[in-house]
Amino acid sequence: MASSRRITTSLATILVLAGAGGLAWVGAEAAATFVEDRTAAAVGQALQTEGHDWVQIETDGLQVRLTGTAPSEVERFRAMSRAAAAAGTARIIDQMTVASVEEMAPPDFQIEFLRGDMGVSLIGLIPAGTDREAILQQLRPTAPDRKLSDLLEAADHPAPDGWEDALRFGLQAVGMTGQSKISVAPGHVQVAALARDAADQARLETALRAAAPAGVTLDLQVTAPRPVISPFTLSFAVSGTGAEFEACVADTEEARDQILAAAAEAGLRGSPDCLLGLGAPSADWGDAAAAAIRAVGTMGRGSVTLSNAQIALTAPEGVARARFESAVAELQAALPQAYTLEARLQEPKQSPRPIEFHASLSDRGALTMQGRIADAAMREAVSSFAAARFDVAQSGLRADPRVPEGWTVRVIAGLEAMAALQSGTVDVTPQLITLRGMSGSPAASERAAALLTERLGAGARFELAIGYDRRLDPSLDLPDGEECARRLNVIMSESELGFEPGGSSIAGDPNPTLALLSDTMAECSEYQLEAAGHTDSQGSDQFNAELSRSRAQAILMAMQWAGIEVSNMTARGYGESQPIAPNNTEAGREANRRIEFRLLSPHPVRAEAPQPPQPVTGVTGQPLPSPESEPEPALPAPMPAQMQGPRLPPVQGPMQVPEPLPPIQGPQLPPDLASAGTTPLTLGVQEEAPSAAEREESLRVPVQIADETTPRPGPRPGDLADPDPAQDGSTDE
């Protein structure tokens, strides 16, 4: 019985121990599984965060086994480091492999050389096998003060095909260029460089193309500063063979596109060059040139030349006059204000071409000449004469052996008479010299007649139509637009006139200021002026803009009430946008609260067009007739029958002639002859005026002026020593 109880107790003990062991194993297994799962999750999350999704994770108890193929050794090391940080270095078993270099795609190797005044910079990615020190050694002589900035990175990959050739050429291009950016890629080199001028640009492009090795693609982007072109000239013609540019310039790329588009509409084929440069007479060059080209296209044939602001439109023979006049009218309407047009329709071939000379003088002093001249020598003489007195913008003189004797003298006389004009034209024919234009001298016609008389002598017919413009008269000393604006601003700056705070009501007595403004505007009312109001920075932008405008308008209203002509004036408010002093002080804010006058256009606005001058026809050497009467031929007055010979002046003394003698007969000199700087032509009994042919022949004789190299005679014996007047008693009489 006792033995049976012992057996039962032992069995129970074994069962209890077995149950406890089983429970311990189950708990340990659950704990191990929990640790493995938690470790795998932590390591997996760390690797996923860094983008190492190529890593495979296996856990075995406390050990973490990493497998997979890393893109590079660097990536394998980074994955190992992240896993060790998450689970501990001792628990990580590295079974990862690295992909072979041959299986990896090589990176895009590229290097950029930036060369400037501060040195040379290197930026990019190069193969690890490229000799970086050799690159730097080759670049040091090209860098100012040997300043090199090395920002290159290297990759452990073999150099691709074409890399070495492109790199050598890129280094050579750095030495050939000044300021530049050179990009080197396998088999490709891009050069963006700045040349000194157009010639240097062409030289550099030629040298780089010649130095480029075979197999390397060269992309050139060499630019040069725009040249200054004077005169700024464009010439376009349409003939039976097609349309062409004889010269093409533009101030901007937009203007160039506009010009070329108009030329294409007029029949131009291909892609002609149009030089970009500086020196355009206005920002409207593209509009003016395109309109002129379209006028030629409208005529179908012809040519146009733009020289600065002067436009010469020529229609050849065969163009219908109605079509020519329509093209001229359209062009005149489309031209900007600064440009002047001269249009001519050539005569048909069947009628003999007249011998004539035409010159035009712009209000800016630019002279254009066209017409016939005797030969090359006379053309040189006329061109030299014109260049000495005017700014010759265009000369179209053509040799013609049909010109009569003395023709060159007539041409020079016409040019010389243009000195009496501010702007105008002269037309010379064998029968008549016609001078038309505007002047600032009331006696311009008399002066022109005197100049013609001095050059041609007596007997040459002329016609004068010279108008007087008081704004061109220097004796009146009238201000121009800029001077008007300056005077008005001086008056406002010295005025005590002000405004109520925050309002536009004028404070104080405005009469003294209005009196000064009235005196100035008496000579300036023809100019377009703007009264600009300004405020300080106190207040909102919208309030200040409206306040400044209303104050400027108040000034104009006060001027109008004072009887000042303000029809050509406008008011505008600028608010606080244009301060002239800091707004953080009271003095600065007071200075910013102001009214300023600004010139809108330098050209005066005339209420009525000036009356065209009445032509006056006359003959040199004879009195200049008035515009209302026709010139009458000067005939010698008959002498009284009882007197033979010339009249004598009255006898002085007690015996007096009872009647006053009539005035001495002869040609009457122009009243402004002295002011013209000329000497009257006087013919005596023993004097003869040289003929026109003799005057022209004298132009062919070269005049030699003595200088320091000219041989001179030696001194005479009596001149070797100057006697002292005090010793020989001689005196000057």
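**Labels and cut-offs**

Visitor: Which residue in S2 is the bridge partner of Ile57?
Guide: Leu66 is the bridge partner of Ile57 in S2. The model is predicted, so local features need pLDDT of at least 70, side-chain atom pairs count only at pLDDT 80 or more, and totals for chains, interfaces and linings use all residues. Residues are numbered from 1 along each chain as its sequence is written, and side-chain values use heavy atoms, with hydrogens and water left out.

Visitor: What makes S1 and S2 a pair of strands?
Guide: Strands are DSSP runs of E, at least two residues, and helices are runs of H or I, at least four, numbered from the N terminus. Two strands pair if DSSP finds at least two bridges between them. S1 (residues 56–60) and S2 (residues 63–70) run antiparallel and are joined by 5 bridges, so they meet that definition.

Visitor: Why is the pair of Phe232 and Trp285 called edge-to-face?
Guide: Ring centres of Phe, Tyr and Trp (its six-membered ring) must lie within 6.5 Å; planes under 30 degrees apart are stacked, over 60 edge-to-face, the rest tilted. Phe232 and Trp285 are 4.8 Å apart centre to centre, with 80 degrees between the planes, so the label is edge-to-face.

Visitor: How do you know that Phe232 is buried?
Guide: Buried means under 20% relative accessible area, exposed over 50%, partly exposed in between (1.4 Å probe, protein chains only). Phe232 has 0%, so Phe232 counts as buried. Trp285, also with a relative accessible area of 0%, is buried.
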